[in-house]
Amino acid sequence: MAESTRPPQTPTADTPLLRDAMNACAGLPEAPCESQTQTLELLASLGCDEETRAAALWFAVAEHDHAAWERAAESLPPGVVRLVEGQFAAERVWALHAERSGASEGLRRLLLAIIRDVRVVFVLLVRQLLRMRGASKLPAEEARRLAKLTADIHAPLANRLGIWQLKWELEDLAFRFLQPDVYKRIAKLLDERRVDRERFIRECIDTLGTALREAGIKADIAGRPKHIHSIWKKMQRKHLDFAELYDIRALRILVDDVADCYAALGVVHGLWPHIPKEFDDYIARPKQNGYRSLHTAVLGPGGRTLEVQIRTHAMHRDNELGVAAHWRYKEGGSGDAQFEKRVAWLRTLLESRGDDDAGLLADFETALDEDRVYVLTPRGEVVDMPRGATVLDFAYHIHTDVGHRCRGAKVNDRIVPLTHQPRSGDRVEILTAKQSEPSRDWLSPHHGYLHSGRAKDKVRAWFRRKEHSANLAAGRALLERELKRLAMTDADHDALARKLGFQQFEELLVALALGELSTAQIARSLTEREAGAPAPRPTPRRTERVDPGAMRVQGVGDLMTTLARCCQPLPGDPVRGYITKGRGVSVHRRDCTSLARLARRDPKRVIDVEWGHVPERAYEATVRVLGYDRKGLQKDVTGLITNFGAPIVASSSRLFARTGEAEMTFTLRVRDFEQLSVLLARLETLPNVIEVQRLAAG
């Protein structure tokens, strides 16, 4: 309700940056000087810097003559270039809005996600406002489309980001074209012009301000007449007649503490007669969403009704930026916490803008490092996924069967691997086969195919439906491949199963086939097996190693401990304990869902535990990599090993000319077999690599 109080800036072209932009615009056949001046005036009234104003003009040049823009961009500041590119990104969203209906919320989210500089939002809103001011000159259908875009995207963004100077006019102009009959009817019901209502508000502010000062109350007062769209929304929401509205004109009073709220209320009621049934005390009885304020309606000067809201500065900040954010109440959506948190941050940033635009940009880019990405389907639908999700996650998000049949993907019309992680704004197309046939490798965390637990569950469910014998065979193949890679084909299968908490070896194979047990856990268990045996070539360096048999329960003496079957923790995993009835302490991984459920039921039983430690050696392992020779193969292999943190002690390579195969042998320093297992799995994913395995000692 309160308007921005940023000091207006006089539009000027005195700086070289703005002069160059205006000169470039002057050469455009369809860029009237009046429009340029209005753009600069509106941006200046919002406190925008010269880069933002120049970018608004340069975008007009880029739209008309992209080649001229590209030539000019080489000598322009990076900030201006970034702002123009942000406007082009927004144009792609507008195009999607034209293609799709009913997807406005996703498009608003996409817009905020792809814009890398918050100042772009100001330019977008100002340009749209100027378009709407001139919409009456457009054909009726084109004006309606423009109004629909404004109502769906621009007005809600202005509302959410607290840019009140533009929000009310965007809403009213869009409403005028979308529902012209209702607009005209409400306009007639308002018995005075807007300028008269604004004069009435100013007079009320002056009168009330004097009365509060005389009462010794320090207060900030703001207000404006309620606009036509807002009047209609309230009539619809509360099923009221126009005559029943008491807040067509409204004031908001901000004070320092709660006592001043009630003192200010007394001043208001002493100044003007109040309407008893229109009083609400949301300070003593806050709304369910946490909203706090005093609301009252009075008969102001001339017997005209006036709504007054009174709250502290802290309440106002919480109401506008917290869980009771005003935009959620107005738009009637529950929203999700992460997106609301980001919008709240943006509003805080916008309301506290100073002259440090470089700091503003740095803060904004930091905020964009969030945990969601917004990508597009070929039909323009917006899909919201967690950061780190792959195109295969995207396929399963669209439909389980699409994921099962996925065999490839295109991102922005370019073929990408299934492990590719799309960015916000990317358009993703899934290439499918006729038959459903997921790969068990998709469940391996080391291959990086799937990020979301939901997608992994769908793959496991597919394999779980297969015959028991098929799962046994698949699990056996995975285990044999891992043991071969680690050169440990003599492992005791039954002992391995017991160590991992399985009563039967077949249970281990099924768990491995369904992705409930990873090859890294196998390797870690095998590390424990060889920990006491002489290493092939141990280095002198000694570190700390987790002893699988040692467990310390903090603050408690000796207690029996058991490893939980639900999450199968292994030494090195972050763990917590749960005190059971009769079975001592059950040890779970910290991220175990079963533990979370138990903790909700009885949190007092959850205790801290940790693995014990014994000295360990670092080992040298010899690894053989076989692949079809190509340019850069050895560089890719050595680069991956180095980045993985496994120092190369020695290496050799040879080329088999007859077969075109290259063999590389590396002696590496590794921490344990788990690290080695993950490294070998990563090496196998490199292009042209045929086989990777550890060579047995001797």
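Reader: What should I know about the model and its numbering?
Author: The model is predicted, so local features need pLDDT of at least 70 and side-chain atom pairs count only at pLDDT 80 or more, while totals for chains, interfaces and linings use all residues. Residues are numbered from 1 along each chain as its sequence is written, and side-chain values use heavy atoms, without hydrogens and water.

Reader: Which residues of H26 are buried?
Author: Leu633, Val637 and Ile641; buried means under 20% relative accessible area and exposed over 50%, with partly exposed in between (1.4 Å probe, protein chains only). H26 covers residues 633–644, a helix being a DSSP run (H or I) of at least four residues, numbered from the N terminus.

Reader: Where do they sit around the axis of H26?
Author: They are on the same side, because they cover an arc of only 65°, taken from the directions from the helix axis to the C-beta atoms.

Reader: And what does the face turned away carry?
Author: The exposed residues Lys635, Thr642 and Asn643.

Reader: Which residues touch the most other members in the largest nonpolar core?
Author: Of its 67 residues, Leu479, Leu508, Ile522, Val625, Val637 and Leu683. Such a core is a set of buried Ala, Val, Leu, Ile, Met, Phe, Trp, Tyr and Cys residues joined through side-chain atoms within 4.5 Å. Helix H23 (residues 505–513) gives the largest share, 6 residues.

Reader: New topic. Is His229 buried or exposed?
Author: Buried, with a relative accessible area of 16%. His229 is in helix H12.

Key: Helix = DSSP H or I, 4+ residues; strand = E, 2+ residues; numbered from the N terminus. Expected span 1.5 Å × (residues − 1).
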